[in-house]
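Dear colleague,

I am passing on the structure below, and I would be grateful if you could look through it with the notes that follow. They begin with conventions and loops and then turn to the ligand.

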Amino acid sequence: MTATVIRNGRIVTAVDDYRADILMEDGRVRMIGTDLPVGDGIPEHDAKGLLVLPGGVDVHTHLDWDFGPARTADTFYTGSQAAAFGGTTTVVDFAAQVKGTSPLDGLADWHERASVAAVDMGAHMIITEVNDQTLIDMKSLIHDEGVSTFKLFTAYPDVLMIDDGQIFKTMRQVGAHGGMVQIHAENGHVIDVLVQEALDAGNTSPKWHMLTRPTLMEGEATHRVIRIAELAEAPVYIVHLSAGEALDAVTEARDRGLPVHAETCPHYLFLTDEEYDRPGFEAAKFVMPPPLRGAAHQHALWRGLKTDDLQVIATDHCPFCFSENVLGLRLSKELGRDDFSKIPNGAPGLETRMPLVYDGGVRRNGMSLNRYVELTATAPAKLFGLFPRKGTIAVGSDADIVLFNPNETWTIHAAEHHSRVEYSLFEGREITGRVSKVFLRGELIVDGREWLGREGGGQFLKRGQAGKAK
Ligand code: URP
Ligand code: ZN
Ligand code: ZN
């Protein structure tokens with residue numbers, strides 16, 4: 001039996017805000033109360049002046065993953081170190097079905113790679129081919145394997161995209177069995193036309209990534225998949241929502257009471273398409289799908305967070321190095337130096353999500369502390385079948401706890417990060433609010449700048465029914 005006490009902290013959950021001590025025992029929260037009497041020899045941590053938050057839950061990462069000719073740079077170990085230092089103790093990452101094979105094989109491959117994780121991990125499944133057998137496999141993924149969410153693409157024809165009929169069949173099957181479909185909503189065929197026209201005209205620079213992925217088509221695809229989900233009577237979750245038109249489609253559906261959910265990401269909240277005007281190849285750092293948008297879209301996203309039309313802030317941590325010299329060409333943006341369409345689509349973010357949203361949301365944008373916890377931990381835990389084990393501080397929940405200093409001001413530098421990627425989208429940004437200590441199931445894994453976690457110290461999370469937010 002191992003026990004630890006956190007004393008004198010201000011505990012904040014999605015609904016509460018109070019001062020109390022927490023006794024953690026055998027990985028769980030055992031007691032919460034004032035002046036908790038505990039036996040001699042039990043380690044104590046003083047949280048005076050600190051916020052005591054539930055460990056963050058990031059439901060959108062791509063660790064150690066092949067995407068076309070490129071591979072993401074973080075292993076599950078380096079990625080989970082980055083997560084922990086950023087205050088995230090639960091990650092749900094994407095396993096993928098390889099075309100022509102079973103998604104169960106994709107999950108087995110994911111388990112092998114994920115075994116080195118140092119924080120707790122769940123898996124979603126990317127579906128790239130739908131037939132009678134894969135529909136049966138989806139059922140066993142939900143009921144037997146704890147994988148209750150499935151990502152489908154309306155972009156990347158011939159790579160990841162499936163057609164509307166396959167989307168409909170998947171939604172009907174997954175919805176009937178208590179799961180939820182996540183959609184990458186862009187119009188892949190239209191994008192391909194625009195990309196070809198740009199290249200034919202000699203436009204090869206990174207900015208053309210943004211110019212060939214219009215917000216109108218993100219809105220179109222979002223509207224389309226919501227209508228398909230409505231017919232399938234299934235919950236749906238739009239990933240990495242960036243455009244006002246897409247948010248309008250989500251809002252309209254939610255106003256009609258449909259189980260439609262959506263996430264956005266810190267880069268859409270804190271950066272705009274002006275980043276694509278950086279000189280030379282520098283703008284390639286900001287090549288992710290969908291691209292960064294203009295200020296009007298960003299304002300719409302902040303409104304969506306206020307009205308709960310957006311329920312989750314996740315990272316879409318999809319780390320490709322900027323330079324070939326760091327880990328080799330396959331893991332770098334250099335693949336697309338002469339052709340923007342070949343730049344690996346993705347950027348890092350796992351390590352900075354919690355402090356960035358605290359600084360930009362709570363301190364600068366009127367977000368309440370409760371809402372902060374809800375967007376970054378509680379709502380994702382609920383929607384993805386992890387609550388109340390994860391996403392809150394309550395008696396019986398896993399003792400995943402972050403001591404957060406709301407007054408520490410610091411500057412983001414990729415060189416100090418734990419991700420293997422050598423750049424940050426937020427390099428040089430001064431923010432206030434920093435992770436001080438992190439407990440994973442009661443074990444101290446981050447103490448200031450010191451790493452105390454261990455390779456393989458994370459557990460696989462079998463998840464339950466998905467798509468229920470409240
Ligand atoms: O997720 C990112 N950033 N890129 C890979 C493709 C996708 O959208 O999943
Ligand atoms: Zn995506
Ligand atoms: Zn992604």
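Helices (H or I, at least four residues) and strands (E, at least two) are taken here as DSSP runs and are numbered from the N terminus. With that convention, Pro 388 lies in the loop that runs between helix 13 (369–383) and strand 16 (401–411), and the bond that joins Phe 387 to Pro 388 is a cis peptide bond with an omega of about 5°.

Please keep in mind that this is a predicted model, in which local features need pLDDT of at least 70 and side-chain atom pairs count only at pLDDT 80 or more, while totals for chains, interfaces and linings use all residues. Residues are numbered from 1 along each chain as its sequence is written, chains are lettered from A and ligands numbered from 1 in the order in which they are written, and side-chain values use heavy atoms, with hydrogens and water left out.

A cis peptide bond also joins Pro 289 and Pro 290, with omega at about -15°, and Pro 290 sits in the loop between helix 9 (266–270) and helix 10 (295–307).

Two non-glycine residues with positive phi may also interest you. Tyr 156, with phi of about 60°, is found in the loop between strand 11 (149–153) and helix 4 (164–176), and at 14% relative accessibility Tyr 156 counts as buried.

As for the ligand, 13 residues surround ligand 1 (each with a heavy atom within 4 Å of it), and the closest are His 62, Lys 151, His 184, Asp 316 and Asn 345. By class, this shell has 6 nonpolar, 5 polar and 2 charged residues, where Ala, Val, Leu, Ile, Met, Phe, Trp, Tyr, Cys and Pro count as nonpolar, Asp, Glu, Lys and Arg as charged, and the others, Gly among them, as polar.

Polar contacts here are pairs of N or O atoms within 3.5 Å. A polar side-chain atom of His 62 lies 2.9 Å from an oxygen atom of ligand 1; for His 184, a side-chain N or O atom is 2.9 Å from an oxygen atom of the ligand, and for Asp 316 the distance from a side-chain N or O atom to a ligand oxygen atom is 2.9 Å. The protein covers 100% of the 260 Å² of accessible area that ligand 1 has on its own, by the Shrake-Rupley method with a 1.4 Å probe.

Methods
A polar contact is a pair of N or O atoms within 3.5 Å; within protein, one must be able to donate a hydrogen and the other to accept it, and residues adjacent in sequence count only if both atoms are side-chain atoms. Buried means under 20% relative accessible area, exposed over 50%, partly exposed in between (1.4 Å probe, protein chains only).
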